[in-house]
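User: Could you show me how to read a strand and a ligand site in a model like this one? I'm happy to go step by step.

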Amino acid sequence: MCGIVGYIGYRQAYPVIIKGLKRLEYRGYDSAGVALLNHGLKLYKKKGKVADLEETVIGMDLNGNAGIGHTRWATHGEPSDRNAHPHASASGELAIIHNGIIENYANIKEELVKKGYHFTSDTDTEVLLNFIEDIKRNNNCTLEEALRIALKRVVGAYCILLMDKNDPSCIIAARKGSPLVIGIGKGEHFLASDASPIIEYTKEVVYVNDYQIAIVKADELIMKNLGNEVQTPFITELDMELAAIEKGGFDHFMLKEIFEQPATIHDCLRGRLQPEQGIITMGGVESHMEKLLNTSRILMVACGTSWHAGLVAEYLFEELCRIPVEVEYASEFRYRNPVINPGDVIIAISQSGETADTLVALENAKDKGAFIFGVVNSVGSSIARMSHAGAYTHSGPEIGVASTKAFTGQLAVLTMMALKIARAKGTIDESRYLQLIHELEAIPEKVAEILKDTSEIEAIAAKYQDAADFLYLGRGYNFPVALEGALKLKEISYIHAEGYPAAEMKHGPIALVDETLPVVFVATKDRYYEKIVSNVQEIKARRGKVICIATVGDNIIPSMADDVIYVPDADELVGPMLSVIPLQLLSYYIGINKGLDVDKPRNLAKSVTVE
Ligand code: F6R
């Protein structure tokens, strides 16, 4: 959460920073600000989106070849002008932007208050900055030294950029737990939370590691550890095109990303799935096959939508590989002292690869000897780099805050993994293996089929958009899809929605059912079909409004449901990649009809880098 951008070089910093902040707005959009170095330090900040900041600074002096900018997702202190970043130090000489949380800021603040410091914001960031300034003054040392000393006291997560009015030749950056990428140009450097603000200027980047400090000048980049030892920057080539982070003619990123799914699932399968030869190639799985075959259990660790992908994977791995699977919310797992034995396999699922809870849960498990396999979308992200092995989902940058194409990419990777392990383990017979490979291969085309005509989904969205609550029900592989449908609706339309296993509704949620409650059944043709037909009848008997996701050709469901959305027939193991698509669209169209900002829903941020 929070997006940060920095620039130093021969260009004007402001336009580079503003453009970059717009690209990073998915990370937070409570307030935005910039600090520019130009014969002094100039700070401009504003509650609201980057566009609000742009309006505020019209007519102001925006010159400067070095600057830092921030788009905020509030942690300490409500969204307001005064809590917006950058913050200036008490002397006015230093400026800071920060992504993360300083957990022991209250103690440090108390010490500073006793020394006579006053604070103009409620943020932990301003405390950190004055702490650094205090150290600098008392030790008569450089900003870099003061920062190093300060960071040794700091508990928490941070990516910070600092500027000193008295030294316009450099920006100093540091990271622990929150991402930072530095773009290497000719006579210029770019700093950002992810590569999207950098991509149009250079493809050469350095991913800063935890506990590293970067001293960034126009024509020099020096990396050090907290012990002041110089470290050689590891330069990586970005594998990303500018078009991938633009809307490409769609009204919203979310819609673009939903419609990209035939291509993104195809990209995920491409080069891995070879149906004619009956082969699945996955380097990360192959090189650690022994570990995967010998493990007594697999833990899926993730949050949100990625956790739902983990639930589908639980069904897949247990059914195909006969390995017990536990699916853990990373935020619970990291704090509840779980039993982890050397040899346990953890599959970490994350779109961003930066989710703080997931990252820390994995670090703890790794320390205890677990083997970490990352299923990650964002290339070069923290989770990708800390995993022992992994498989990228290759879904491309996901900008819409609600996860869509990353989910189907995760399912594609996890299905291939399960099939590959099952075959090596001998827990799947060859004909079923080959059948599932062909089923998987057919998914992109079937998703395209669903997307060909969305008019029915749009009509259903219009019909139910004013409902106060929704219930989403599914069984088996479609149970996690029901959870995912409910999550999408909550995020995008702010309508309360609950996902439930369809049979479980009798144990409580059925009490909610009346003629005002839309109930969405994910009722495709699978082994539970007859059971879910009975569940539909139970809801109808109580006058609930039933919307069904059904398989093309079904003639029972349409006779019972109020509304039906059809998806192509598919094996139930790969079916979630189809049945989730109408649910993504339903939430999108309801959100749009309600006039909401579907790409940036309130209170959310794309990359949850604070716990
Ligand atoms: C839902 C959503 C979130 C994320 C969750 C995990 O649409 O986007 O629930 O799935 O924050 O994020 P990643 O996958 O980046 O670890």
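Analyst: Gladly! Keep in mind that this is a predicted model. Let's start with strand pairing: β25 and strand β26 (residues 545–551) run parallel and are joined by five bridges. Within that pair, V522 sits opposite I549 of β26. To get from β25 to β26, the chain passes through helix α18 (residues 529–541), making a right-handed β-α-β crossover.

User: Which strand is joined to β25 by four bridges?

Analyst: That is β23 (residues 469–474), and this pairing is parallel too. Here L471 faces V519 in β25.

User: Is strand β25 enclosed or open?

Analyst: For this, check burial, where buried means under 20% relative accessible area. In β25 (residues 518–522), five of the five residues are buried, so the strand is largely enclosed by the rest of the structure. Both faces are covered: P518, V520 and V522 are buried on one side, V519 and F521 on the other.

User: Now the ligand. Which residues are closest to it?

Analyst: Of the 15 residues around the ligand, the closest are S306, S350, Q351, S352 and T355.

User: How much of the ligand does the protein bury?

Analyst: The ligand alone exposes 410 Å², and the protein buries 90% of that. Helices α10 (304–321) and α17 (478–493) each give two or more residues to the shell. By class, the shell holds eight polar, five nonpolar and two charged residues.

Definitions and conventions
Residues numbered from 1 in each chain as written. Predicted model: local features only at pLDDT ≥ 70, side-chain atom pairs only at ≥ 80, totals over all residues. Heavy atoms only, no water. Buried < 20%, exposed > 50% of the residue type's maximum accessible area, 1.4 Å probe, protein only. Pairing = 2+ DSSP bridges. Right-handed = clockwise from strand over helix to strand, strands pointing away. Near = heavy atom within 4 Å. Areas by Shrake-Rupley, 256 points an atom, 1.4 Å probe, with all protein chains shown as cover. Nonpolar A, V, L, I, M, F, W, Y, C, P; charged D, E, K, R; others polar.
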